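User: I am new to this structure and would like to learn how to read a few of its features. Could you take me through them one at a time?

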Amino acid sequence: MPIQARERLIAAAEALFYQRGIHAVGISELIETSGVGRASFYRHFESKEALVHGVLNHRNEMALASLEAGIAANDCSPLGVFDVIAERYGQADFRGCAFINAMVEAADRGSETHRIARAHKLAQIQIIARVLEQAGYSPSHELACDFQLLIDGALMGGLREGNLEPVERARQIAAGLLLSPRPSTHSS
């Protein structure tokens, strides 16, 4: 069944890329791990790069849906974003943010890989901005960008330290931002 082969390729690639990095995994290993034939691989993906894009797009859909659901489960609290991040990245196999990792490996800011990863981060900012706006914070986009910066830094700190203390610290900083008056972005 063709769709099943595509799904197996994406699942195998997602796991291998996250565990070891995109460049460290070859097509032969992807084919062997997924259990699909070489012809089937090329029927679904014209190249390894196309598979990388398929994996990132799939992961984007899953991660954004998980973020939305996690925020809703935390009563749509703006600080609940950090609880979702802690839950998602508090796993023993945490190897950083797959989107940041992909941007680093792509290196070329003009690449499709970088574009997809950046679009994911921008979509997260939109979700956070909406939550902030619903909670009465303004300017919500600017504050959401601050939250995203804290989240990205906390994820790198969590990777460095091997624990979730950086996520908790980022949550505390975000709580302070919610208490601080925001300067007007309008010029006179």
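Analyst: Helices (H or I, at least four residues) are DSSP runs, numbered from the N terminus. This is a predicted model, in which local features need pLDDT of at least 70 and side-chain atom pairs count only at pLDDT 80 or more, while totals for chains, interfaces and linings use all residues. Residues are numbered from 1 along each chain as its sequence is written, and side-chain values use heavy atoms, with hydrogens and water left out.

User: Which residues of α6 are buried?

Analyst: Buried means under 20% relative accessible area, exposed over 50%, and partly exposed in between, with a 1.4 Å probe and protein chains only. In α6 the buried residues are A98, F99, I100 and A102.

User: Where does S111 lie, and what lies 2.9 Å from a polar atom of its side chain?

Analyst: S111 sits in the loop between α6 (98–106) and α7 (112–134), and it is buried, with a relative accessible area of 13%. The backbone oxygen of D108 is 2.9 Å from a polar atom of the S111 side chain.

User: How many disulfides does the structure hold?

Analyst: A disulfide is a pair of cysteine sulfur atoms within 2.5 Å, and the structure holds 0 of them. C97 is in no disulfide, since the nearest cysteine sulfur, that of C145, is 16 Å away, which is too far for a bond. C97 is buried, with a relative accessible area of 1%, whereas C145 is partly exposed, at 29%.

Definitions and conventions: Helices (H or I, at least four residues) and strands (E, at least two) are DSSP runs, numbered from the N terminus. A polar contact is a pair of N or O atoms within 3.5 Å; within protein, one must be able to donate a hydrogen and the other to accept it, and residues adjacent in sequence count only if both atoms are side-chain atoms.
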